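Subject: Structure handover

Hi,

Here is the structure you asked about. My notes follow below it.

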Amino acid sequence: QVQLVESGGGLVQAGGSLRLSCAASLSTFSGNAFGWYRQAPGKQRELVARIYASGSTNYADSVKGRFTISRDNAKNTVYLQMNSLKPEDTAVYYCKPMAYVNVWGQGTQVTVSS
């Protein structure tokens with residue numbers, strides 16, 4: 001059974017920071033690329049950052065220079081450090097192994113006030 005638990009969301013003012021965490025099982029985590037996604041009201045879910053098992057990363061243009069994805073293999077955890085937050089970053093954030101289908105967790109709400 002795949003288990004994904006996102007945490008770390010909250011309410012912050014524009015310019016603030018949050019660090020999101022995604023805890024996964026060993027079998028789900030090991031050797032897999034992970035992505036952080038977000039879904040804002042009225043919009044489709046979008047991929048904002050991904051990290052491969054090697055540590056290589058990619059980012060959506062909208063978050064480049066502000067967000068950093070990382071992973072701690074010893075803790076089976078993926079992180080998303082979000083700095084210089086903007087109101088348009090407001091969304092529910094989810095993590096997922098890139099190759100898996102229909103394994104979404106409950107997500108964590110990020111709200112940025114202007």
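Setting aside neighbours within four places in sequence, leucine 80 is in contact (heavy atoms within 4.5 Å) with Leu18, Arg19, Leu20, Trp36, Ala49, Phe67, Thr68, Ile69 and Tyr93.

Before the rest, the ground rules. This is a predicted model, where local features need pLDDT of at least 70, side-chain atom pairs count only at pLDDT 80 or more, and totals for chains, interfaces and linings use all residues. Residues are numbered from 1 along each chain as its sequence is written, and side-chain values use heavy atoms, with hydrogens and water left out.

**Core**

The largest nonpolar core has 27 residues. Here a core is a set of buried Ala, Val, Leu, Ile, Met, Phe, Trp, Tyr and Cys residues joined through side-chain atoms within 4.5 Å. Buried means under 20% relative accessible area, exposed over 50%, and partly exposed in between (1.4 Å probe, protein chains only). Trp36, Val78, Leu80, Met82 and Tyr93 have the most contacts inside this core. At least two core residues come from each of β3 (18–24), β4 (34–39), β5 (46–51), β7 (67–72), β8 (77–82), β9 (91–97) and β10 (108–113). β3 gives the most, with four residues. Strands are DSSP runs (E, at least two residues), numbered from the N terminus.

**Loops**

Asparagine 76 sits in the loop between β7 and β8. Is asparagine 76 buried or exposed? It counts as buried, at 15% relative accessibility. Leaving out residues up to four places away in sequence, asparagine 76 touches Cys22, Ala23, Ala24, Ser25, Leu26 and Phe29.

Serine 84 is partly exposed, at 41% relative accessibility. Asparagine 102 is exposed, with a relative accessible area of 69%.

**Pocket**

The largest pocket has a volume of about 150 Å³. A pocket is an open set of points on a 1 Å grid over the protein atoms alone, where a 1.4 Å probe fits, with protein on both sides within 12 Å along at least five of seven lines. The volume is the space filled by probe spheres set on the points. Lining residues (an atom within 4 Å of a point) are Arg38, Gln39, Ala40, Lys43, Gln44, Glu46, Glu88, Asp89, Thr90 and Ala91.

Best wishes
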